[in-house]
Amino acid sequence: MKHHLLLLLIGAACLTAAAAQDTGNPVRLVPKGHLGVGLQAGFIFLQDFEHYELVRTYWDGSTATDVKDAKFEDDEQFLVTLALGLHDRVNVNAGIGMTGRGRWLSEEAGANDWEGTVGRRFLWYAGGKALLWKHAAGPELIAAVKYLRYTSRDVGDWVYAPDGSTAESLGWETDDTITYWQASASGILAWPVGRFAPFVGLGYCHSHFNLDGLWMYAPYPEITVAYDGRTTREKNLAVLPGVEVDLGDGWSFTVQGMFVSETSISAGVSYRIKIW
């Protein structure tokens with residue numbers, strides 16, 4: 001058992017993929033007195049945000065406001081996940097890890113469109129699950145809640161989309177960060193058939209995004225522009241299909257997708273340990 005756990009933790013240190021908003025790893029509950037330790041990986045292809053107001057404050061104290069569209073593309077994260085069985089019907093869940101690299105797109109009706117690269121940053125989540133109903137024939141209904149957050153994630157390598165010019169080539173030195181959190185609740189219907197447990201879930205996901213930055217014009221450093229923007233996820237409804245596979249000897253593998261609220265896919269492996 002210790003050998004298996006050591007391999008799992010070494011794998012966590014080496015993994016460089018992503019974990020999108022999802023139904024957890026593992027999806028189904030671990031029994032009372034057990035701890036599930038896992039790796040989760042995935043890829044967020046697209047996440048749209050609501051129109052938002054980006055406030056610019058110039059070096060002379062004057063301000064201007066632009067109405068922007070915003071979205072994440074090709075965003076990455078990777079996590080070590082934990083699931084503790086407090087009761088056969090109640091689990092608590094947590095995860096820690098790192099974001100990878102993705103793209104932040106800020107668009108303004110075809111004009112003044114910018115694309116930035118978001119960097120690597122520590123992130124964490126906490127949540128829980130409850131088994132609401134289980135039929136003797138196998139199907140079970142699970143409720144899950146989750147809160148995920150990261151702060152001060154760098155955004156750089158800005159590119160002016162209309163002509164491909166970089167902020168640096170235009171003379172600007174940039175210092176921008178984003179803070180992001182999301183809270184979600186979902187209901188999951190799983191139907192175990194032998195070692196396979198296909199499932200589908202419906203969820204509600206709310207995300208909040210803050211962008212803060214300062215641009216300085218290098219030829220004349222006294223010329224600066226400070227930026228401040230706030231926005232939320234455009235679509236909150238999430239559809240969550242997937243399958244969990246019992247690999248035997250306490251191991252399980254899960255692959256799942258998320259649609260409507262965002263377009264993403266994730267996969268995870270988990271090892272279950274009896275601790276009491």
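Colleague: Which residues are linked in a network of salt bridges here?
Modeller: Lys71, Glu73, Asp74, Arg103 and Glu115 are. A salt bridge is a side-chain nitrogen of Lys or Arg within 4 Å of a carboxyl oxygen of Asp or Glu.

Colleague: What sort of model is this, and how are the residues numbered?
Modeller: This is a predicted model, where local features need pLDDT of at least 70 and side-chain atom pairs count only at pLDDT 80 or more, while totals for chains, interfaces and linings use all residues. Residues are numbered from 1 along each chain as its sequence is written, and side-chain values use heavy atoms, with hydrogens and water left out.

Colleague: What does the secondary structure come to?
Modeller: The protein chain has 1 helix and 15 strands. Helices (H or I, at least four residues) and strands (E, at least two) are DSSP runs, numbered from the N terminus.

Colleague: And what does the C-alpha trace span?
Modeller: About 70 × 35 × 30 Å along its principal axes.

Colleague: How much of the chain is buried?
Modeller: Of the 276 residues, 44% are buried. Buried means under 20% relative accessible area, exposed over 50%, and partly exposed in between (1.4 Å probe, protein chains only).

Colleague: Back to the charges. How many salt bridges does the count come to?
Modeller: The count is 11 salt bridges. One of them joins the side chains of Glu115 and Arg103, at 3.1 Å from N to O.

Colleague: Why does the pair of Glu115 and Arg103 tie together separate parts of the sequence?
Modeller: Because Glu115 lies in strand S6 (residues 114-118) and Arg103 in strand S5 (residues 102-107), the pair ties together parts that are 12 residues apart in sequence. Glu115 is partly exposed at a relative accessible area of 27%, and Arg103 is partly exposed at 29%.

Colleague: How far apart are the closest N and O atoms of Glu262 and Arg233?
Modeller: They are 3.0 Å apart, and the two residues form a salt bridge. Glu262 sits in the loop between strand S14 (251-260) and S15, and Arg233 in the loop between S12 and strand S13 (237-248), so this pair ties together parts 29 residues apart in sequence.

Colleague: Are Glu262 and Arg233 buried or exposed?
Modeller: Both Glu262 and Arg233 are buried.

Colleague: What about Asp212 and Arg230?
Modeller: Their side chains meet in a salt bridge of 3.6 Å, N to O. Asp212 is in strand S11 and Arg230 in strand S12 (residues 224-232), 18 residues apart. Asp212 has a relative accessible area of 30% and counts as partly exposed; Arg230 is partly exposed too, at 36%.

Colleague: New topic. How many aromatic pairs are there?
Modeller: The count comes to 21 aromatic pairs. Rings of Phe, Tyr and Trp (its six-membered ring) pair if their centres lie within 6.5 Å; planes under 30 degrees apart count as stacked, over 60 as edge-to-face and the rest as tilted. Among the pairs, Phe72 and Tyr180 are edge-to-face, 6.2 Å centre to centre with 70° between the planes.

Colleague: Where do Phe72 and Tyr180 lie?
Modeller: Phe72 is in strand S2 (residues 63-75) and Tyr180 in strand S10 (residues 172-190), so the pair ties together parts that are 108 residues apart in sequence. Phe72 and Tyr180 are both buried.

Colleague: How are Trp172 and Trp215 arranged?
Modeller: They form a tilted aromatic pair, 6.2 Å centre to centre and 55° between the planes. Trp172 lies in strand S10 and Trp215 in strand S11 (residues 196-217), so the pair ties together parts 43 residues apart in sequence. Trp172 counts as partly exposed at 22% relative accessibility, while Trp215 counts as buried at 7%.

Colleague: Which aromatic cluster are they in?
Modeller: The cluster made by Trp114, Trp158, Tyr160, Trp172, Trp215, Tyr217, Tyr220 and Tyr227.

Colleague: Which residue lies over the face of Tyr125?
Modeller: Lys146 does, at 4.2 Å from the ring centre. Arg153 lies over the face of Tyr150, at 5.1 Å from the ring centre. A charge sits over a ring if NZ of Lys or CZ of Arg is within 6 Å of the ring centre and within 35 degrees of the ring normal.

Colleague: Last one: where does Ile275 lie, and why does Ile275 count as partly exposed?
Modeller: Ile275 is in the segment after strand S15 (263-274), and Ile275 counts as partly exposed because its relative accessible area is 45%.
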